[in-house]
Amino acid sequence: MAMMSLPDSRTEQDGSAVVRVLSYNVRSMRDDCDALARVISACAPDLVLVQEAPRFFRWRKRAARLAATSDLVVLGGGATAAGPLLLCSLRATVERTEDILLPLTPGLHRRGFATAVVRIAGTRIGVLSCHLSLDRAERRAQAERLLESVEAMGVDHVVVAGDLNDVPSGRAFRLLARRLQDCWAVRPRGGEHTFPQHDPRRRIDAVFATGGIEVLGCGVPAGLPGVHEADLLAASDHLPVLAALRVPGPSRGGGVPSSIAGRA
């Protein structure tokens, strides 16, 4: 399914905000960084939730380069979050950021979350980028910790995205989808499968949102104007996921963080 269009970022007359959110595993920027920047720029995101950002030598410089070449700024994360990174447009006003390192299991990679609270059109939005474990038991525990982190943000609206290393039928993916909106499942608008990029057969990358957020469309942005197949193939071993979300304005409320707890 090609994504021919998606609602543009804007502030509606009722004060609600249409926000574009991009999730992208960039494989430590070991591939074509120019193609990567072109894909991100063409998606015109307000928020980019990156996984496998550079973590070693000069990682901050490389993250800053990715942001600058994509017309964005670094929001938080990176090596200090064990890989997840947050970028944003100047539309977002930063309230706070926090990197969360998860317990290290001997013999496995360190994992973490990059989190932030931003304001867009006056509405506070929590943001969390994740890259879950390859180990099934650890991955499920990390999904539980993720939901606890969402609750702890203390904001009405939260967007979560990342590489889950799990498919929709898996235990960790299902746990998140029971408590949060799986944006592609709610309103598919673009391709489903994200890995591997040359012959995608698995949906292991996803965007989730708390219940008060309206999903306007979500999927792999292949076919979106300016997003070229050659760049998608060259930029990373994953395909990105782009979502357009409508977040209620501050005057409308929109529930409480425990809205995720009500999704059994």
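Predicted model: local features only at pLDDT ≥ 70, side-chain atom pairs only at ≥ 80, totals over all residues.
The structure holds 17 salt bridges. Side chains of opposite charge can pair when their charged atoms come close. One of the salt bridges joins E12 to R246, with 3.1 Å between the closest N and O atoms. E12 is located in the loop between β1 (10–11) and β2, while R246 belongs to strand β13 (residues 241–247), so this pair ties together parts of the chain that lie 234 residues apart in sequence. E12 has a relative accessible area of 22% and is therefore partly exposed.

R246 also forms a salt bridge with E214, where the closest N and O atoms are 2.8 Å apart. This second pair links distant parts of the chain, E214 being in strand β12 (residues 214–219) and R246 in strand β13, 32 residues apart. E214 counts as partly exposed because its relative accessibility is 36%. Through shared partners, salt bridges join R10, E12, E214 and R246 into one network.

A further salt bridge is formed by R96 and E95, with the closest N and O atoms 3.4 Å apart. R96 is partly exposed, at a relative accessible area of 36%. E95 is likewise partly exposed, with a value of 33%.

On the surface, a patch of positive charge is made up of R136, R171, R174 and R178. Helix α4 (residues 171–179) supplies the largest share of this patch, with three residues. R171 is placed in helix α4. The relative accessibility of R171 is 41%, so this residue counts as partly exposed.

Two other residues were examined for their surroundings. N25 is part of strand β2. Its relative accessibility is 0%; buried means under 20%, and N25 therefore counts as buried. Leaving aside residues up to four places away in sequence, N25 touches Q51, E52, H131, D163, D205, S236, D237 and H238.

D32 lies in the loop between β2 (17–25) and α1 (33–43). With a relative accessibility of 33%, D32 counts as partly exposed. The contacts of D32, again without residues up to four places away in sequence, are A234 and A235. The C-alpha atoms of D32 and D231 are 8.2 Å apart in space, although 199 residues separate the two in sequence.

Methods
Residues numbered from 1 in each chain as written. Heavy atoms only, no water. Patch = residues over 30% accessible without salt bridge, like charges linked within 9 Å, V, L, I, M, F, W, Y side chains within 5 Å. Areas by Shrake-Rupley, 256 points an atom, 1.4 Å probe, with all protein chains shown as cover. Salt bridge = Lys/Arg side-chain N within 4 Å of Asp/Glu carboxyl O. Lys, Arg positive; Asp, Glu negative; His and termini not counted. Charge placed at Lys NZ, Arg CZ, Asp CG, Glu CD. Helix = DSSP H or I, 4+ residues; strand = E, 2+ residues; numbered from the N terminus. Buried < 20%, exposed > 50% of the residue type's maximum accessible area, 1.4 Å probe, protein only. Contact = heavy atoms within 4.5 Å.
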